[in-house]
Amino acid sequence: MMKKLKVMALLALTAAVLQPHLAAADERLQVIREKWTPGTPMLTEFLTLYPCHSEELPCGQLPPPEVQKVSFKGALQGDAKRGEKIALDVRWGNCIACHSLPGHTGGTVGPSLADYASRAPSLDYTYQRIWDTRVFNPDAHMPLFGTNSVLTEDEILDVMVFIHQH
Amino acid sequence: MQRFNQSVINPAEFVAALLIAGSVTHASATDIAETTQHDYWPGRDKTIPHVSGDTNFSDTYQDWKDAAAIAAARAAGKASHEVNFKDFRWLVKSLDAELVIDEGREVFHRQNANGQSCASCHGENGEKLKGAYANLPKFNERLGRVVVGPSQIEVCASERLGQQDWRVDTRANSVLDMYVASLSDGHVVDIDVGTDGPLKTAYLKGRDLFFKRTGQFHYACASCHTPPTVGNYLRGQRPTTFFGDASQYPIYHFPYALPGDDLAHVFTLQHQIRSCQQLSRMHQGTEGSPSMTAIEVFLKASANGYPMSIPTQQYNLDTDYLEQ
Amino acid sequence: MSTSTIKARIQLGDHGVATVRTLIAHPMLIDRTDPKTGARLPAHFIEDVEITLNGIPAISLEWGQAVSTNPLVAFELHGVKRGDVLGIRWKDNQGKTDAGEFPVV
Amino acid sequence: MKRREVIRGMAGASLLPFFGALAGLLPTTAQARVAEAFEAKTPQEALATLFQEAQAEPSEALILIAPDIAENGTAVPLTIRSTLDNIDYIAVLATGNPLPLVASYKLTKHSSPPLSLRIKLGKTQDVVVVARADGKLYSSTRHIQVSVGGCGG
């Protein structure tokens, strides 16, 4: 009950200009995931939570999301199979759009990740790259998977496990 | 989660500043705009309102600026992706699109209760509209705003013919738009954005919007439509730069499902922008709205100096691009 | 040249060879279920296309449901000269049909 | 089946003169067999219905041009080229579709490849083209990845 109230309050606030900045990223993620199923088109009602082109809507004036710095602690554990599905699904992670992946030829916008494990990057680096790439390059093309609530932490972990496979 | 320790760089100051701006009673969007620093994709300053501006981006303009250049590039063995995918689209007229134009012609002659149709004012074969589309969008003095083709049709249909249901995002409007555009085939695009005025303002605004990072993915239109993304594979798509392409719109297109739409296989530039917004998880604008109009002004002016080519079709409906 | 549903473009080249590109306006619907109502929507597609040159069969096609909307037929036509007539006729699975004659110019 | 009735109806009426002309090229029962092949649920079944025992030999003389990655599964463009002479029949199969046989072409001395068409592909799969020339069967296969647009709307 409390949770429902919280969600309703949050949704009510989305009409306000500054709401996304008042809501913590994980709360926004929770709200999105209650109505949106990965693999289906993103619901338009959530897209006004991010900067937009409009002149009439408040989202047109939203500043860009703050850069979020994250670090990775502990061991890498997750579901590689699910990570693969997330990476290939055009309406989920869609990594394949820009990257080749272990076992899959993909787009050429980003570097190939087919042999990512052999490059042995640090987990911190990989996690940050996916969460908010702007820490390394403010002009990178990669979506802000964590900062902008595209993927959950678990989903990012699963993708990491998948791309670290040989 | 314990595994992750997230800290937000650049924290509350910005939000606090905005809180103050937002708490002002009746604060309009413009008030806040002045305090907002948007993220822009690089390259905004390199654009010019002429098709040759592509030299500053893909640097392939010399290979597709006209038919002779394309022939020379082909003779030199250059593949489509090496010339920014602009090497054949405007040369080959689409047979498929003639289906749409036929439908548009029928709408053009469709009479209202008083026996009036578009043809009543614009000529049996649209003679008075020849070349008009090469100068759209334009500033409509009476309305006091810049209008794109579909908006002009909507206004005209509603005011002159009493056709209230030919709105910008309807099938009747889209097919009519393509028919009217076909009357300007071969006319050189010329949008005057050099003279101070509403068109120039719209161009500059559209340019900003094209390069502004938005949406859940934090993409700008330019993220895909400038190098180094241009020519690379984005799944099955290979994007091209934004120079010149507006001269081929409305274009014959097998539409992606834009929810609730019946687009008759024609993409006006407004549909195209909306489709791109949807695919890159941006908020979809309202067709004909000031922001969407501004983006179209920017795109069309980036085709200045290039001949209109209607009807053409989406490049990947034939295998030609694979064989070049 | 066109009828209400058929468009054809015939480009006569050397040695009596022409490239033919034909387009038929047809929805070409597959057998499917309406996602909203769950009702079954029957397939509606062109099954046969017959193309003749001066009344003699040139190429005949049969299609299944997986041919795309507004189907395209493109092929090379041989033994053709100016003034010849290409006849195109289609029939769909609901018995609808259309035919047209297109002179080679 | 409804489809076959329709085709018989056509054959009995206006198409009769055509069959006179085609008789030298095709067995008289070919028309019915093609119709049956369109009902086949697997590519093997479709091929067996069309060609009985005859096996197609993969050949570089038959070229299928298609995108490796199709951006839009509802209209995948195909072009079939060939250096073979006397092709009298071509079949196009989408091996992963529920009804694999997509299109069947009967060619005469008045027609030849290149042939172009657009087909619907339900998912990533192999597309196979089989051509018959001088009584022999040749095939060409292409793997086509089906995706929607580049981004993840």
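User: What share of the 166 residues of chain A counts as buried?

Analyst: This is a predicted model, where local features need pLDDT of at least 70, side-chain atom pairs count only at pLDDT 80 or more, and totals for chains, interfaces and linings use all residues; side-chain values use heavy atoms, with hydrogens and water left out. Residues are numbered from 1 along each chain as its sequence is written, while chains are lettered from A and ligands numbered from 1 in the order in which they are written. Buried means under 20% relative accessible area, exposed means over 50%, and partly exposed lies in between (1.4 Å probe, protein chains only). In chain A, the buried share is 52%.

User: In what order do the elements of chain A run?

Analyst: Helices (H or I, at least four residues) and strands (E, at least two) are DSSP runs, numbered from the N terminus. Chain A has 8 helices and 1 strand. From the N terminus on, the order is α-α-α-α-β-α-α-α-α.

User: How many residues of domain 2 of chain A are in contact with domain 1 of chain A?

Analyst: The domains are 2–61 and 80–164, with bounds from an automatic or database domain assignment. Contact means heavy atoms within 4.5 Å. Domain 1 of chain A brings 11 residues, and the number from domain 2 of chain A is 10.

User: Which three residues supply 45% of the area that domain 1 of chain A buries against domain 2 of chain A?

Analyst: Buried area is the accessible area (1.4 Å probe) that two parts lose on being put together, summed over both. Between the two domains of chain A it is about 810 Å², with 50% from carbon and sulfur atoms. The three residues that supply more than any other three are Leu29(A), Arg33(A) and Gly39(A).

User: Which residue does the side chain of Arg33(A) meet in a salt bridge?

Analyst: A salt bridge is a side-chain nitrogen of Lys or Arg within 4 Å of a carboxyl oxygen of Asp or Glu. The count between domain 1 and domain 2 of chain A is 1 salt bridge. For Arg33(A), the N to O distance is 2.6 Å, and the partner is Glu155(A).

User: How many nonpolar residues are on the side of domain 1 of chain A that touches domain 2 of chain A?

Analyst: Ala, Val, Leu, Ile, Met, Phe, Trp, Tyr, Cys and Pro count as nonpolar, Asp, Glu, Lys and Arg as charged, and the others, Gly among them, as polar. The two domains have 6 residue pairs in polar contact (both at pLDDT 80 or more). A polar contact is a pair of N or O atoms within 3.5 Å; within protein, one must be able to donate a hydrogen and the other to accept it, and residues adjacent in sequence count only if both atoms are side-chain atoms. On that side of domain 1 of chain A, 2 residues are polar and 2 charged, while the nonpolar number is 7.

User: Which residues of chain B lose the most area to chain A?

Analyst: The contact takes 51 residues from chain B and 58 residues from chain A. Together the chains bury about 4,800 Å², 58% of it on carbon and sulfur atoms. Three residues make up 16% of what the side of chain B buries: Gln216(B), Arg235(B) and His283(B).

User: With which residue does Lys205(B) form a salt bridge?

Analyst: Chain B and chain A have 2 salt bridges between them. They also have 15 residue pairs in polar contact (both at pLDDT 80 or more). In the salt bridge of Lys205(B), the closest N and O atoms are 2.5 Å apart, and the partner is Glu55(A).

User: Which residue of chain D forms a salt bridge with Glu62(C)?

Analyst: Chain C and chain D bury about 3,000 Å². The interface of chain C and chain D has 1 salt bridge. There the closest N and O atoms are 3.3 Å apart, and the partner of Glu62(C) is Lys106(D).

User: Which element gives the largest share of the side of chain C that touches chain D?

Analyst: Across this interface there are 17 residue pairs in polar contact (both at pLDDT 80 or more). Strands E5 (46–53), E6 (56–63), E7 (72–77) and E8 (85–92) of chain C each supply at least two residues. The largest share is 8 residues, and the element is E6(C).

User: Is Asp245(B) buried or exposed?

Analyst: Asp245(B) is in the loop between H9 and strand E4 (251–252) of chain B. The side chain of Asp245(B) makes a polar contact of 2.7 Å with the side chain of Lys86(B). The relative accessible area of Asp245(B) is 12%, so Asp245(B) is buried.
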